[in-house]
Every structure is written in C-alpha cells, then in structure tokens.
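The sequence and structure are shown first, and the description follows.

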Amino acid sequence: VECAIGANARHRRHDSRSCSDKAKAKVAHIVESDDGVSFEFVSELVRSGVYESLPYSQRVRLHVDIAGYLERQLCDAGTSLSLYEECSSLVRLMQHWKGSRQLTRAQAYAQRAARLAAQLHEIKWAMKLFEQALPLFEERS
C-alpha cells in the first residue's frame, strides 16, 4: 500500500521506481487537479488499511484539513447546490469533524443535515442523522 501512495501522502509525491505500475493500479488511482493530489482507493478495505496505518495525530490533521476544504467548497457553492448535494456535503463535514474530535462542530453539521433530510422528506435518512448526532452530544458532556 505504501508504495502506491508514498510514505507520506500529503508531503511527498509517489516515486514510481519503488513499485510497479501494475501494483499501483490495484491499490489507488492518483488524481491530480488544481486543488492538489487526491487518491481514489479501489476498495474500502484498502482505504481502511491505509487510514489505520497513519499515526493518530496525522489522521486528525487530515480530517481538519479536509473539513476546512469542504467548508470553503460549501460556502463557495452558495445556492448552486441542490438540497440533496447540500445535505450530502453536510454529512461529509460531520464525518470529518468527528474524525478530528471536534464534536461540537460534528454535532452541528449532523443536526443541519438531519433537518435538511427531513425537509426533503427523506425521513429514514433524517432519523439516521439525528441518531448520529445524539452520541456526539453525549460524548461532549
């Protein structure tokens, strides 16, 4: 896994001499854009393994960075997002703030997403989001 994304994915580019192109293709797709480099893992199992191999402090830092990026994207999008897209963005923000242990922010996004899901008449989705928000409140206390 390390050969496909580099020892430190945030700070170092992949060294193609360290493993074959065939091995890289099986682990992750490297996507370059104006915003930087991202990785699309071919399976949840691989993504989970890479995530768990990162030191806890680095995982927290990545969650903070991603949440900040997503907040800027949501703000920049303004009213151009559909309600479903906005709700999905709020869910992703909740997940990343939770991953960074910023539970107040995570809970706020979970509640906003739940209210929006209810507004969309997606009652099961709204209930699931409210259920995710409750433990965040209890963990904060």
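How much accessible surface does the protein have, and what percentage belongs to carbon and sulfur atoms? The accessible surface comes to about 9,300 Å², with 53% belonging to carbon and sulfur atoms; such areas come from the Shrake-Rupley method with a 1.4 Å probe. The model is predicted: local features need pLDDT of at least 70, side-chain atom pairs count only at pLDDT 80 or more, and totals for chains, interfaces and linings use all residues. Residues are numbered from 1 along each chain as its sequence is written, and side-chain values use heavy atoms, without hydrogens and water.

The protein contains seven helices and two strands, taken as DSSP runs (helices H or I, at least four residues; strands E, at least two) numbered from the N terminus. Their order from the N terminus is α-α-β-β-α-α-α-α-α. Of the 141 residues, 30% are buried (under 20% relative accessible area, with exposed over 50% and partly exposed in between; 1.4 Å probe, protein chains only).

Helix H6 spans residues 103–119 and reaches 24 Å from its first C-alpha to its last. Its buried residues include Leu103, Tyr109 and Leu116. Just after H6, His121 has a positive phi of about 65 degrees.

| Residue | Relative accessibility | Class |
|---|---|---|
| Cys75 | 61% | exposed |
| Cys87 | 0% | buried |

The whole structure holds zero disulfides, a disulfide being a pair of cysteine sulfur atoms within 2.5 Å.

Notes
The expected span of a helix is 1.5 Å times one less than its number of residues.
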